[in-house]
Amino acid sequence: MPSPVIKLNSGYDMPQVGFGLWKVDNSVAADVVYNAIKAGYRLFDGACDYGNEVECGKGIARAISEGIVKREDLFIVSKLWNTFHDAERVEPIVKKQLADWGIDYFDLYLIHFPVALEYVDPSVRYPPGWFYDGKSEIRTSKATIQETWTAMESLVAKGLTKSIGISNFQAQLIYDLLRYAKIRPATLQIEHHPYLVQQELLNLAKQEGIAVTAYSSFGPASFLEFNMQHAVKLTPLIEDETIKKIAAKYNREPAQVLLRWATQRGLAVIPKTTRPALMASNFQCTDFDLSEEDIATISSFDRGIRFNQPSNYFPTEYLW
Ligand code: NAD
């Protein structure tokens, strides 16, 4: 069964179930993307920062050359990294990212974080990451979100992306952006899982006609490798007894229940795994319905716990 779609305010349809590309190793990325296409995925969520856009593009090229899909069947998402927020940096980097993928437009291009950092030339280091010196130095740029958003809007006019959106933005910044946006963000991509339900932000997005994509749907699982203490201490959602019980009731996997909880609440999801069996099972997460009661039980896990915030990646002298 293909993924259901979400109608974006830009007029385009976005698959509700897509595939995430963060931490997909360069050595396997082409095969992972190719296998994901064979498993039915059509949306790929990439980013400059993931450092694997060339390899992901190779996986897509292979699937297209074998006639499995056409470019227009795919929905390719990428993101503007923090060091490219200055207006004059936006278009050149999008063009580089498109060339890396081997395509001539993105379906959706997002501001990755509302954090503007000083420009690092791609010939010095690519992807540039958080630190100016590649080690620990944080250098900000003076670019405002308005400057960056205006540059993002010009990408649509030039045909470099069909839709534009934002990621990791909170309410006040969204209200501000909506005051000057000539093109409203089509999507907002945020961390969202039962430990971080963000109901008010979801209400705002709904009211403003902005589709929401959930990332890190399995909660702490994605952050264990950084040895984040608040991730390590929590029960992994996939192993939680209540989630397991609900999954057994529907004869499904806990991961499918976590993804269905999000999709039934109207969000798009972009789970990531390199294992073909899990890829297939994650994709099959919209062909059953949880009861309202089970949705409420899962929502009651909310503890407002966020894993993916910039300070978690900064050296201690930057912590405040
Ligand atoms: P995730 O929550 O999708 O997966 C976390 C871990 O769960 C993975 O390591 C995987 O091995 C494991 N897993 C996946 N399916 C499973 C299953 N069925 N059973 C058991 N374990 C399973 O992780 P994520 O990568 O953090 O998030 C998904 C995507 O969201 C990313 O790849 C990326 O594209 C996007 N993302 C965006 C941002 C942002 O700032 N915009 C931040 C984080 C992630």
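Is Ser-216 buried or exposed, going by its C-beta neighbours inside 10 Å? Ser-216 counts as buried, with 23 such neighbours, where buried stands for 20 or more other C-beta atoms within 10 Å of a residue's own, exposed for 12 or fewer and partly exposed for counts in between, the C-beta atoms being placed from the backbone.

The views show a predicted model, in which local features need pLDDT of at least 70 and side-chain atom pairs count only at pLDDT 80 or more, while totals for chains, interfaces and linings use all residues. Residues are numbered from 1 along each chain as its sequence is written.

View A. Most residues other than glycine have a negative phi.

**View B. The cis peptide bond between Tyr-126 and Pro-127.** Omega of this bond is about -5 degrees, and Pro-127 belongs to the loop between strand E6 (106-111) and helix H4 (145-157).

**View C. The crossing of helices H1 (residues 26-38) and H2 (residues 53-65).** The two axes, which are lines fitted to C-alpha atoms over the stretch in contact, with angles running from 0 to 180 degrees between N-to-C directions, come within 7 Å and cross at roughly 35 degrees. The contact, for which C-beta atoms placed from the backbone must lie within 7 Å, involves residues including Val-33 and Tyr-34 of H1 and Gly-59 and Ile-60 of H2. Its residues divide into 9 nonpolar, 2 polar and 4 charged, where Ala, Val, Leu, Ile, Met, Phe, Trp, Tyr, Cys and Pro count as nonpolar, Asp, Glu, Lys and Arg as charged, and the others, Gly among them, as polar.

**View D. Residues around the ligand.** Of the 25 residues in this shell, Gly-20, Trp-22, Tyr-215, Ser-222 and Ala-255 come nearest, a residue being near if its C-beta atom, placed from the backbone, lies within 6 Å. Helix H10 (residues 276-283) gives the most to the shell, with 3 residues, and the shell as a whole divides into 10 nonpolar, 12 polar and 3 charged residues.

Key:
Helix = DSSP H or I, 4+ residues; strand = E, 2+ residues; numbered from the N terminus. Contact = placed C-beta atoms within 7 Å.
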